[in-house]
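Here is a short report for a first look at this protein.

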Amino acid sequence: MTAVSAGTLASVLVIVSAMIFAYTKIWAHRIGFQSSHDPSLNMLVEISLGIVALCSLLKFAISFHDIMDIGVVNIAIYVMLLCVAFLFYKTKSIGTDFILAGLIGFVLHKEKPRLIIESTFYSCLVLFSFQLLGYALGLFHDNGVWTSAAQPSAPRLAFGFGYPTYVFAYFLPILMGIYYLDKIKFRKITAAYCLALLVIVFLKTASKALLILTALMLFNPIVKVGLEKSRLVRQLMVLAYPLFALLSICSAIFMSRIPPPIRDLFSGRFWYWNQYWKGGVQIWGPTPSNNDLFFVQRYPLDNAILHALFIGGIIVTITIGVMYTKLIYSAIKASDYKLAVLVLNTLEFGFTEALFSLGITVIMPLLYSVFLQRTPASHQNGSTDIALTPRHSTSIYKSVGKPKT
């Protein structure tokens, strides 16, 4: 049996505590019929956040020399990213999760993505199962009643997550783990259990987002082969964020030209996007019109990129785009095509939902940590053309060489 280092164990504790924190925020508002202002429940959230901080400090203390070996330029870039995250938080459009992901990314930037994804997978699998069990036993409750157009008489369940679509959002890290992790204990049993959970979630929530993204993820193996074989596919993958941004903006502008069946499939999202587009965009924060739509009239803005654009502003949108693009670029340079595909899945889900929650995606810590990695090694002939996809990297895979694909 391979011994686990203290640094690795501390990294796992950071991820596990962060996922528990993400769930305690749900529990604080969904336990029994308590008020969301109940001091004891709010204390639960504060305690769990404190545990994340302690685990992060422990990891920092154990791996101090490795963590700080990142260079002045990377430190400057990282501080800038945290400042943007903090200013985005000050627009009141997101919670603290985006900043917390940055701090976690800092202490974990020497860890390979597999550790982050695997730790998140098992944590979310246990917590998600507990959430469903607690809902069945009456510990958690829904604070609303939802129906679908197809079956208006059959209520949609949210399992205490707050809204039916959120259920799949918190199940997403589990799907990502099943796809990314080649070797996990009891893989067949685990996969069968996850499939059973997926069926339950789909039948009880009637989530169109679940159906669409699950269907898209079935094409993941094909996309991965395309990345391995085609230079064009690799180049398009690097441009995934700008392409999704263009698609989102065009959908908002030309909403009236979208065929009605497609508009119905996306449950009226395009109309709301169009209202925000009419409200305008500015360099920082929302325009007065969009501020009224989002915070006063509570118009939904279920698109991660448009959420960043209309509520965060142009600077926030570009910054997040650079983070996503560099993560995809680094993954492809290291020949970790599965990670690149997972980022694509995240953007696909972000087309119909917001993504600024630590419990929803395992990508957030990686978005930050990849900025603290050294530039992936060039191909042995000296070229840095991404089409060459070098087989070894000194970046996020420095300690393990080329990941299995």
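## Overall picture

Of the protein chain's 405 residues, 53% count as buried. Buried means under 20% relative accessible area, exposed means over 50%, and partly exposed lies in between, with a 1.4 Å probe and protein chains only. This is a predicted model: local features need pLDDT of at least 70, side-chain atom pairs count only at pLDDT 80 or more, and totals for chains, interfaces and linings use all residues. Residues are numbered from 1 along each chain as its sequence is written, and side-chain values use heavy atoms, without hydrogens and water.

The protein chain holds 19 helices and two strands. These are DSSP runs numbered from the N terminus: helices are H or I with at least four residues, strands are E with at least two.

Contacts are pairs with heavy atoms within 4.5 Å. Among those in the protein chain with a separation of 6 or more, 73% join residues 24 or more positions apart.

The protein chain exposes about 18600 Å², and carbon and sulfur atoms supply 69% of that area. Accessible areas come from the Shrake-Rupley method with a 1.4 Å probe; for residues, only the protein chains shown count as cover.

Most residues other than glycine have a negative phi. Which loops hold Phe 159 and Ser 335? Phe 159 sits between β2 (155-156) and α7 (164-180). Ser 335 sits between α17 (314-333) and α18 (337-350).

| Residue | Phi | Relative accessible area |
|---|---|---|
| Phe 159 | about 55° | 6%, buried |
| Ser 335 | near 60° | 0%, buried |
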